[in-house]
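The entries are in the order in which I looked things up.

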Amino acid sequence: MQQHVSVSRGGAGQRGLVRLTARFGKRPIDLLFRGITLLFVLIVLAVILGVALVLVVNAWPTITRFGRSFLTNQAFDPVHNIFGVGPAIFGTLVTSAFALLFAVPIGVGASIFVVDFCPRPLRIPLAFFTDLLAAVPSVIYGLFGFLVLAPWLQHTGEPWLQQHLGFLPLFQGPIQGVGILAAGMILTVMVLPLIIAVSREVMLTVPTDQREAMLALGATRWEAIRYAVLPFSRVGILGGVILALGRALGETMAVTMVIGNQATKPSASLFQTGYTLSSVIANQFGEATPGLFFSAVIEAGLIVFVITFITNALARWLISSLERKGTRGVRV
Amino acid sequence: MAITVEHLNAWYDRKQALYDINLSIPPLSITAMIGPSGCGKSTFVRCLNRMHEEIPDARVEGKVLVEGVNIYARSIKPRYVRQHIGMVFQQPNPLPTRSIFENVAMGPRINGLARGSSLQELVEQSLQQAALWDEVKDQLQAPATQLSGGQQQRLCIARALANQPKVLLMDEPSSALDPISTLQIEELISELKQTYTIIIVTHNMQQAGRVADRTVFFLLGRIVEEGETTALFSHPQKKETEEYVSGRFG
Amino acid sequence: MSTTLHPFERNTANAFQPPPSALLIRRHISNALLIMLSTFFALFAVGVLFYLILYILRQGIPYLNLDFFTKPPAPNGEPGGGMGPAVQGTLILVGLAALLGVPLGLFTAIYLAEFGRGRLANAVRFIVDLLNGVPTIIFGLFAWVLIVVPQQTFSSLSGGVALGIIMIPIVARTSEDVLRLVPRELREASLALGATETRTILRVVLPAARGGIITGIVLAMARVAGETAPLLMTAFGSTFWNTDITQPMDALPLRIFNFTLSPYQVQINQAYAGSFVLILLILLASFAVRWFTGGFKRKF
């Protein structure tokens, strides 16, 4: 496709250029540019590899020292040199599960509204606002959670729950406002826009003739969605849920500010305080003395890194399998 | 069931697609809607089972009387209309995540027409009416997508029939199919007219000539001419009709 | 309702208006329930957003004044003072991040859109997507271990590195999308005229994609402006004016974090004010991006 500029101008330099061009099939400047581009790309690759490497290398002492028990040891105890993220993993899993439990039905429901019922003029503003929810920085959710939600839970929400549903172990125990319930609620709001966005995209790819087929049989709106749209979208929505899970598992600031960051004796209560893997890192890095303590903090980070790697890869594989089915591409 | 259309007008948002349509359709017959693309024939047919209004910003005015009852009356919900006026689409659209049996059974299931063994009988009966039973009776649980194009369309016909409609609307049912399947569908339609009132949209005039008792010619959202099929084709009254059926445009 | 009827045995008038039955009521209710719930959920999502923003607005605006941008925090919760260093720090940090993130992201996008073929390109795309999903605190850890610990000091340089890494995938993805949209004919015409590949990319393709690339960069900058976690262990924060990048530096989200947990009401008020500024920034960026990419005209 390229035209070779005539090099009848002679001279050793020109001959060199010709030789270079003939050798690589490209002009030198193109080689240079390609080289620079490739260099930058390699730097990017090096970054991620570097991150993984740095984490593993610096977590090595505690990995070798504690092995699997790192995951179950109960605390960061520099005095006795025992480190573990058991309660952190517990806190991470419980708050994320809580968030998904509520965010998935709310998110899918809201996206059904956007895709199906929403009056035309409202559609774009609605999409804009739900996307805006995703752009709010984590620290602001944390501020809101700490200054507004937690006090409300402490004075109104949790007492009400304890009074009316206190027979459930979920709602027993001391009330502090901050805790797993507060963190779960904030996380729900934070992953909600992600689920809405993915579900919305996925449902829009369902061919309209499916829906029409159901409607022509005399189905109600709900029946058309249930039998035509949802089965088609199942896989994609699942991908979105897993993405949201990854997001919830790694969320740091908002959770750190409302979860209380104290390990009490683990109980089944939602009112208990606790911490998550990310909040451990945020809270402990400053205390970390060189050696095992330092290594423990890094290992917590490594665990977060690995978990989010897995959930991300899984989610993208699921969503890309939709693209392979030949429907319109879904870009998240 | 006899259908009478009175002063029907339809819009897509602000653009009017149908202008003052008046038509009578005799029961147990096959009526074909012909005309060049964009003339409104599909829109008209979708007004008959109230599917047109499912399009955002679409609007319908006028009356459609089925055995004397105006289906656009305020008190009547569209979904009840659609159970009795079934539709088959241009592209076969079986539900891909469901089996052959479940596809046919979908209508009766949601409308509560049959259950258990009587549902099985209904499915068999519908598949036989659609001339598909012999080909699928041993693989009812197989996914519907395994069938060929022609078979899928007959499946869609069976699915529509299982709902026990009185009227069957077919929007270019064989235009996406190969010639042999097309012929099979046409034979099927001729059989079905003994039990159902059938309205078929087609851009293929020969098809109209082969199956339809009456034909209606649409142009630019209006009915130009309608009448008994052979008469319309051999002695068209209007100039536009004559030009269309002789292939001078379309 | 379990027997089948011959089509004509039903009375039409009743058929289009069937008498209420258990099934019909159930269908009606489940349909109505779906409509109500999904509408409620959608309103809930938007409602939370509005409540959040309006609440912060209400709490923060009274404390937004010139001092906020020009004075450092007052010690020990004394009245007065502001978040001047934090605002300045955010600007510096975002600038540093852009220095790292924009070239790396842009060239990655150029690679993926113009040159990339085969396994390397797939690997790169995968890596970029991965970078996007990693919680940002991990990058903070990375910069902490690599720069802060050996240097024995917190610094905005390390903060800029962490934020820059966060920017890479955002810039790369949006730029790649936009570059792909540039019509092939443009490139072919340029090459046919004898221009080098390099010249084609730099003088033809990139300018054509300019708008989208800039909005991608703006988006990325707005995003990292709000990041806190990676800065905790890199820039760390401070209450003094500082432009030395080898020393700790304050940033708006860091200051908000700090003040939110403070026992002093004065500082809590300023945290609200700071949040308002941050949200305003993000709102403006989102709005501007949507406007320029025609997101408001997108068809649904």
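**Entry 1: conventions.** I am working with a predicted model, in which local features need pLDDT of at least 70, side-chain atom pairs count only at pLDDT 80 or more, and totals for chains, interfaces and linings use all residues. Residues are numbered from 1 along each chain as its sequence is written, and chains are lettered from A and ligands numbered from 1 in the order in which they are written.

**Entry 2: chain A overall.** I looked up the secondary structure of chain A and found 11 helices and 2 strands. These are DSSP runs numbered from the N terminus, H or I of at least four residues for helices and E of at least two for strands. The pattern along the sequence of chain A reads α-α-β-β-α-α-α-α-α-α-α-α-α. Of the 332 residues in chain A, 51% are buried, a residue being buried if 20 or more other C-beta atoms, placed from the backbone, lie within 10 Å of its own. I then turned to contacts, where two residues count if their C-beta atoms, placed from the backbone, lie within 7 Å. Taking contacts in chain A between residues at least 6 apart in sequence, 73% join residues at least 24 apart.

**Entry 3: domains of chain A.** I noted domain 1 (12-68) and domain 2 (72-324) in chain A; such bounds come from an automatic or database domain assignment. Their C-alpha centres lie 37 Å apart. Between them, 10 residues of domain 1 of chain A touch 11 residues of domain 2 of chain A. The domain 1 side has 7 nonpolar, 2 polar and 1 charged residues. Here Ala, Val, Leu, Ile, Met, Phe, Trp, Tyr, Cys and Pro count as nonpolar, Asp, Glu, Lys and Arg as charged, and the others, Gly among them, as polar.

**Entry 4: chain A with chain C.** I counted 71 residues of chain A in contact with 67 residues of chain C. On the chain A side, helix H2 (residues 28-66) gives the most, with 16 residues. That side divides into 49 nonpolar, 16 polar and 6 charged residues.

**Entry 5: chain A with chain B.** This contact takes 16 residues from chain A and 21 residues from chain B. On the chain A side, helix H7 (208-216) and helix H8 (221-250) are the elements that give two or more residues. H7(A) gives the most, with 6 residues. By class, I have 9 nonpolar, 3 polar and 4 charged residues on that side.

**Entry 6: H12 and H13 of chain C.** Which way do H12(C) and H13(C) run relative to each other? The axes of H12(C) (residues 252-260) and H13(C) (residues 265-292) come within 8 Å and cross at roughly 150 degrees. H12(C) and H13(C) are therefore roughly antiparallel, the term for angles over 145 degrees. Residues in the contact include Ile256(C) and Phe259(C) of H12(C) and Ala271(C) and Leu278(C) of H13(C). The contact of H12(C) with H13(C) has 8 nonpolar, 5 polar and 1 charged residues.

**Entry 7: H4 and H5 of chain C.** For H4(C) (residues 84-115) and H5(C) (residues 118-133), the axes come within 10 Å and cross at roughly 140 degrees. That makes H4(C) oblique to H5(C), the class left over once angles under 35, over 145 and from 65 to 115 degrees are taken out. Thr108(C), Tyr111(C) and Leu112(C) of H4(C) meet Ala121(C), Val124(C), Arg125(C) and Val128(C) of H5(C).

Note on methods: Axes are lines fitted to C-alpha atoms, for helices over the stretch in contact, and angles run from 0 to 180 degrees between N-to-C directions. A residue is buried if 20 or more other C-beta atoms lie within 10 Å of its own, exposed if 12 or fewer, and partly exposed in between; C-beta atoms are placed from the backbone.
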